[in-house]
Amino acid sequence: MSNTVADTAPPVRATAPRSGAPRGEKRAPSWRGYLYVLPALAFYVLFAVLPMLHTVYLSFFDWDGVTVASWVGLGNYREVLADPDLRGAVLNALTLVVFFSWLPIVLGMVMVGLLARHPRRGMTAFRLLFFVPQVVPLVAVGITWRWMYGSDGVVNQALRAVGLDTVTRAWLGDADFALIAVGLVGTWAMSGLCMVLFFSGVQKVDPNLYEAARIDGAGPVREFRTVTLPALRGEVAVALTVTTVAALASFDIVYVTTDGGPAGNTNVPGLLVYRLAFTQNEVGLAAAVATVLAAMILFLVFTITRLVKPE
């Protein structure tokens, strides 16, 4: 006989996994997950949300930080929007976005394109070396670069060594180059973060995609454009968000290297907030500047998130 037990047995029907609750009965919501995040949420509300709301509240008062505050409504905001120093500081911060964000992302992409598909010995040490600026306090970074940018610093010594004596100058004291010099410090500090992010992202790419692209005749540039770049969309969004916020909220590097000079050419909103609150005793006005800066950062971060949203 050709019929067997397997041939005559009725087909096994796929069944849905047991959920623990009778079919048709709605499960009660579990609050256990909320209990896990409650400590972090309480910490965040206490030390981030409440101070932020208090800053917005102070922005409606004329207050020197000591005497009784007086209500001025939107007066501080009108003064902020009419202040040419603030408009110049915002423009400087937007210029720093190019150096703190765009250049590091481009450099990170170039490094990943050159090294990720052809790993060489010592890659771990290479990544560690580039990531060092992220673990060094920005104040120490600023002090080091202030010395390097000096008249007899390493930068000018290197230029003299290659015969470019006419180019040398006190970079941080030159009104035309001070902002660029500060921006390049940010480029150095942020490039390592972008590179490490992109290296981590490219490691999750299926090697078969690269193999298929090569079989299809793709060269290194097309391989990077069609395989690597789409795979790094999420990492680019993270890098763009982090570095843009760092540029707009920059304070440490600018304060240590130039203190806003020369002639206010490197002023940034964060530095103005510090001066208004702690040296000019205009706490309400400083709170208004901080609120405008926070709103601008939130708007840009929301825009970046929408434009570079991973598929």
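**Close-up 1. The largest nonpolar core of the predicted model.** This core has 26 residues. Leu96, Phe100, Trp145, Tyr149, Val185, Leu248 and Val254 have the most contacts inside it. A nonpolar core is a set of buried Ala, Val, Leu, Ile, Met, Phe, Trp, Tyr and Cys residues joined through side-chain atoms within 4.5 Å. Buried means under 20% relative accessible area, exposed means over 50%, and partly exposed lies in between (1.4 Å probe, protein chains only). Two or more core residues come from each of helix H4 (84–115), H6, H8, helix H11 (233–248), H12 and H14. Helices (H or I, at least four residues) and strands (E, at least two) are DSSP runs, numbered from the N terminus. A second, separate core has 22 residues, including Val112, Cys194, Ala239 and Val308. In soluble globular proteins, nonpolar side chains tend to be buried together.

The model is predicted: local features need pLDDT of at least 70, side-chain atom pairs count only at pLDDT 80 or more, and totals for chains, interfaces and linings use all residues. Residues are numbered from 1 along each chain as its sequence is written, and side-chain values use heavy atoms, with hydrogens and water left out.

**Close-up 2. Leucine 96 and its contacts.** Leucine 96 touches Ser101, Leu179, Gly183, Ala247, Ser250, Val254 and Val268. Residues up to four places away in sequence are not counted. Contact means heavy atoms within 4.5 Å. Among these partners, Val254 is also listed with Leu96 for the most contacts inside the largest core.

**Close-up 3. The buried face of helix H6.** Helix H6 spans residues 138–148. Val141, Gly142, Trp145 and Met148 are buried in this helix. Seen down the axis of H6, the buried residues fall within an arc of 120°, so they line one face of the helix. The arc is that of the directions from the helix axis to the C-beta atoms. What covers these residues includes helix H7 (154–161), helix H8 (178–202) and helix H12 (252–257).

**Close-up 4. Aromatic pairs, with tryptophan 145 and tyrosine 149.** The count comes to 12 aromatic pairs. Rings of Phe, Tyr and Trp (its six-membered ring) pair if their centres lie within 6.5 Å; planes under 30 degrees apart count as stacked, over 60 as edge-to-face and the rest as tilted. The ring centres of tryptophan 145 and tyrosine 149 are 5.4 Å apart and the planes are at 45°, so the pair is tilted. Tryptophan 145 and tyrosine 149 are both buried. Elsewhere, Tyr57, Phe60, Phe61, Trp71 and Tyr77 form one aromatic cluster.

**Close-up 5. Threonine 257 in helix H12.** Threonine 257 belongs to helix H12. It is buried, at 8% relative accessibility. A polar atom of the threonine 257 side chain lies 2.5 Å from the backbone oxygen of isoleucine 253. Threonine 257 also touches Gly142, Arg146, Leu172 and Val182, leaving aside residues up to four places away in sequence. One of these, Gly142, is a buried residue of H6.

**Close-up 6. The loop between H12 and H13.** Aspartate 259 sits in this loop. Its phi is positive, about 55°, although it is not a glycine. Proline 262 is found in the loop between H12 and helix H13 (269–278). The peptide bond from glycine 261 to proline 262 is cis, with omega near -5°. Most residues other than glycine have a negative phi, and most peptide bonds are trans.

**Close-up 7. Asparagine 281 between H13 and H14.** Asparagine 281 lies in the loop between H13 and helix H14 (283–307). Asparagine 281 has a positive phi of about 55° and is not a glycine. Its relative accessible area is 43%, so it is partly exposed.

**Close-up 8. Salt bridges.** There are five salt bridges by count. A salt bridge is a side-chain nitrogen of Lys or Arg within 4 Å of a carboxyl oxygen of Asp or Glu. Aspartate 259 pairs with arginine 275, the closest N and O atoms being 3.4 Å apart. This pair links distant parts of the chain: aspartate 259 is in the loop between H12 and H13, arginine 275 is in helix H13, and they are 16 residues apart. Aspartate 259 is partly exposed at 37%, and arginine 275 is partly exposed at 22%. Glutamate 223 and arginine 214 form a salt bridge at 3.1 Å, N to O. Glutamate 223 is buried at 7%, whereas arginine 214 is partly exposed at 36%. Arginine 169 forms a salt bridge with aspartate 174, with the closest N and O atoms 3.2 Å apart. Arginine 169 is partly exposed at 26%; aspartate 174 is buried at 19%.

Terms used:
A polar contact is a pair of N or O atoms within 3.5 Å; within protein, one must be able to donate a hydrogen and the other to accept it, and residues adjacent in sequence count only if both atoms are side-chain atoms.
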